Amino acid sequence: MPPRSKADKQARLNQILAVLDDMYPNVTCALHHTNPWELLVATILSAQCTDERVNKVTPALFAKYPTIEDFAAATQEEMGKDIYSTGFYNNKAKNIIAAAQRILTVFNSEVPTNIEDLLTVPGAARKTANVVLGTCFNIASGVVVDTHVSRISQRLDLTKKTDPVNIEKDLIQILPQSRWISFSHQLIHHGRGHCTARSPKCHTCPMNHLCYAKDKNA
Ligand code: SF4
């Protein structure tokens, strides 16, 4: 039975957060990177692509283009070949090159550390900006909402919205800011392991008693 009072909802949310901490302590971004620029590139590549696939492509990419200057000087055609297997390679190559050029010329070769500036970088929409700021700078600028965070937030009835922008607004309202970064990482892990889209493993999910999703598996 869904909780009705504000206090009951808050108590349930606290229980969900406690279970997530037990299940996924110290989780972080699964995209391999050694600096903010590499994470920005990897996050742009991860659109409509798995992190595993991106992690297979980026080692050779970062070896071929070791600096932001190298990325800025690349041609779209050449980079498209380098990132072909991540899909949407023409658009991604165009954005990555334009991002490098903007960071080089406007931000003195440094990835911006505030969301307003970061959102002016080609290819960096809210999700990408939140990933980079949260993971590299520990700045809680918002909540990363990807397909896993969307699905599980809906299943756990933390939002009734369906689009990422409004889901993020709901999550920002109910989550303490200190949880904005870790909550996304935890839900992404949960979505890969237990709460998959088609066949969630509800019988082994420690949040089963807190979840009343309509598509729960018995
Ligand atoms: S009980 Fe099932 S639907 Fe609910 S969070 Fe767990 S895996 Fe997902």
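Which residues of the largest nonpolar core touch the most other members? I found Leu39, Leu40, Val41, Ile96, Ala99, Ala100 and Val132, out of 45 residues in that core. A nonpolar core here is a set of buried Ala, Val, Leu, Ile, Met, Phe, Trp, Tyr and Cys residues joined through C-beta atoms within 7 Å. Buried means that 20 or more other C-beta atoms lie within 10 Å of a residue's own, exposed means 12 or fewer, partly exposed is in between, and C-beta atoms are placed from the backbone.

Before going on, I noted that this is a predicted model, where local features need pLDDT of at least 70, side-chain atom pairs count only at pLDDT 80 or more, and totals for chains, interfaces and linings use all residues. Residues are numbered from 1 along each chain as its sequence is written.

I then checked the helices (DSSP runs of H or I, at least four residues, numbered from the N terminus). Helices supplying at least two residues each to this core include α2 (36-45), α6 (89-106) and α11 (180-193). α2 gives the most, with seven residues. Domain 1 (6-27 + 143-210) and domain 2 (36-137) both contribute, so the core lies between them; the bounds come from an automatic or database domain assignment.

Next I looked at α11. Of its 14 residues, 11 are buried, so this helix is largely enclosed by the rest of the structure. Among the buried ones are Trp180, Phe183, His185 and Leu187.
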